[in-house]
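Open your viewer and get ready to click along. We will begin with the whole chain and then visit a few residues.

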Amino acid sequence: MKRLVALTAAAFLSLPLAPAIATPAGTPGAPGAGDPYFPGQGNGGYDAARYDLTLDYDPSSGRLSGLARISARATQALSRFNLDLVDTLTVRSVTVDGRRATHAQSGSELVVTPARTLRRGRDFSITVRYDGLPAHVIDPDGSMDGWIKTGDGVFNANEPQGAMTWYPGNHHMTDKAAYRFTVTVPRDRVAVANGDLVAKVSKGGRTTYVWNSREPMASYLATVSIGRFDLTDRRIGGYRVTTAVDPTVQAPGFPERHPPVLDFFTGLFGPYPFSSTGGIVDNAPEVGYALETQTRPIYPRAPSESLLAHELAHQWFGNSVTPTLWRDIWLNEGFATYSEWLWADKLGTQTVQAAFDEAYARPAEDEFWQSPPADPGGPENLFHAPVYDRGAMTLHALRLEVGDDAFFAILRAWAGRHKYGNADTAAFVALSERVSGEQLDTLFDAWLFKPGKPAM
Ligand code: TRP
Ligand code: ZN
């Protein structure tokens, strides 16, 4: 009966346009994911599950040619969708499920119109062939981001918006995916990416490196960094530690420094979430920051003990558990800074309380206190001091309120419950109240949301 009615309605509606029955209309996917700090970042209408990136890079000419294969699922009936890719790279062709699709580039939006509408819920594959001379972008805070060229290759760090400078994708952090990187470079260079090194093959003066990153990853945590590097890949203390160190940088014992930090954090936060670890130590003094690129942070110089701890703590907080909006960045930086304090305490360098006291000693008139960490005010403030230091102080205030047992239970529950997912500040507040059994809005309001120096 129901069926008969549906057929009748369809027959009626389709009188003038017969093909409409076979191909439901569908609408274009949104050009952004709805993040107010970066409105064009990410895209609506589909979910990326997997990126298979085949890249060829020539450091002397700066030319990149790429083939991106993306597996995705339509989250609406989709007549058209966008990928994020800057138009300094030229797209040569796009296919959807193996059929030629039309494409148009405008700024950092690549608009793809498949030959037919994709039904909601359908799995589909996209291929994009592109090439050009990739370049970094300048962030709202003035820092460099993306494909940052160095004397011998590339320092590739993509937080918050650099991913669009070298591969097409759904580049908001809420769309995590698995990755495989197949990167060909001249034989005297190394290409380092996230995850496990699965192959290295040299042929005719060029070497291809294949990296597999199995666990879900946000675009801003992907890296393909290239240069002259000493590459090591070893099992140490139960971890697969893969490091790349620029030979012009002194970083003695770099691989061996990882397991003690990871063991310490595992004891506090729960199991290390990824199949391998390590780091990339480049010589890039022009880059003012390090980044917690997934499994394998990238450093512009040899890292101090606190920077190493900071980037490794991000593997739990930021990488495995990722915010939902850029505004919630304190969930990354406050936690990583607090982890630095924990590691310094463990080493006997400085107690957590002393680190808190030092940060808290800033006078109440200091501009520092005017910016609450959970509402930094705009993308130009993503990485400013209140996000890091007041974020860490918030965690210490929470710890003093609920006690050590409840506090570390909260951190473990946060890492466990949202493993490989996304979560926001409201979820952290709610979890803290649930685990501790305490009402905590006064504390969190004062520390996270209100300007002014909270009383202790
Ligand atoms: N997330 C990085 C860290 O603290 C910092 C970072 C990334 C950064 N991108 C940036 C700092 C841009 C300043 C500007 O580990
Ligand atoms: Zn950080």
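What does the accessible surface of the protein chain come to, and what share of it belongs to carbon and sulfur atoms? About 18,200 Å², with 54% belonging to carbon and sulfur atoms; areas come from the Shrake-Rupley method with a 1.4 Å probe, and for residues only the protein chains shown count as cover.

Before you click further, note that this is a predicted model, in which local features need pLDDT of at least 70, side-chain atom pairs count only at pLDDT 80 or more, and totals for chains, interfaces and linings use all residues. Residues are numbered from 1 along each chain as its sequence is written, chains are lettered from A and ligands numbered from 1 in the order in which they are written, and side-chain values use heavy atoms, leaving out hydrogens and water.

**Stop 1: the whole chain.** Switch to a cartoon view: the protein chain has 9 helices and 20 strands (DSSP runs numbered from the N terminus; helices are H or I with at least four residues, strands E with at least two). Its radius of gyration is 24 Å, close to the 23 Å that the globule rule gives for 456 residues, so the chain is as compact as a globular protein of that length. That radius is taken over C-alpha atoms, and the rule is 2.2 Å times the number of residues to the power 0.38. Of the 456 residues, 56% count as buried (under 20% relative accessible area; exposed is over 50%, partly exposed in between, with a 1.4 Å probe and protein chains only).

**Stop 2: Thr 322.** Select Thr 322, in the loop between helix 3 (305-313) and helix 4 (330-347). Is this residue, Thr 322, buried or exposed? Thr 322 is buried, with a relative accessible area of 1%. Show its side chain: one of its polar atoms lies 2.7 Å from the backbone oxygen of Gly 318. Leaving aside residues up to four places away in sequence, Thr 322 touches Met 173, Lys 176, Tyr 220, Gly 421, Asn 422 and Ala 423 (contact means heavy atoms within 4.5 Å).

**Stop 3: Tyr 420.** Now pick Tyr 420, in the loop between helix 7 (404-417) and helix 8 (425-436). Its phi is near 65°, a positive value in a residue other than glycine. Tyr 420 is partly exposed, at 28% relative accessible area.

**Stop 4: Thr 295.** Thr 295 also has a positive phi, about 70°, although it is not a glycine. You will find Thr 295 in the loop between strand 19 (277-281) and strand 20 (298-299), buried at 0% relative accessible area.

**Stop 5: Pro 160.** Finish in the loop between strand 11 (154-157) and strand 12 (177-186), where Pro 160 sits. A cis peptide bond joins Glu 159 to Pro 160, with omega about 5°.

Notes. Polar contact = N/O pair within 3.5 Å; in protein donor to acceptor, adjacent residues only side chain to side chain.
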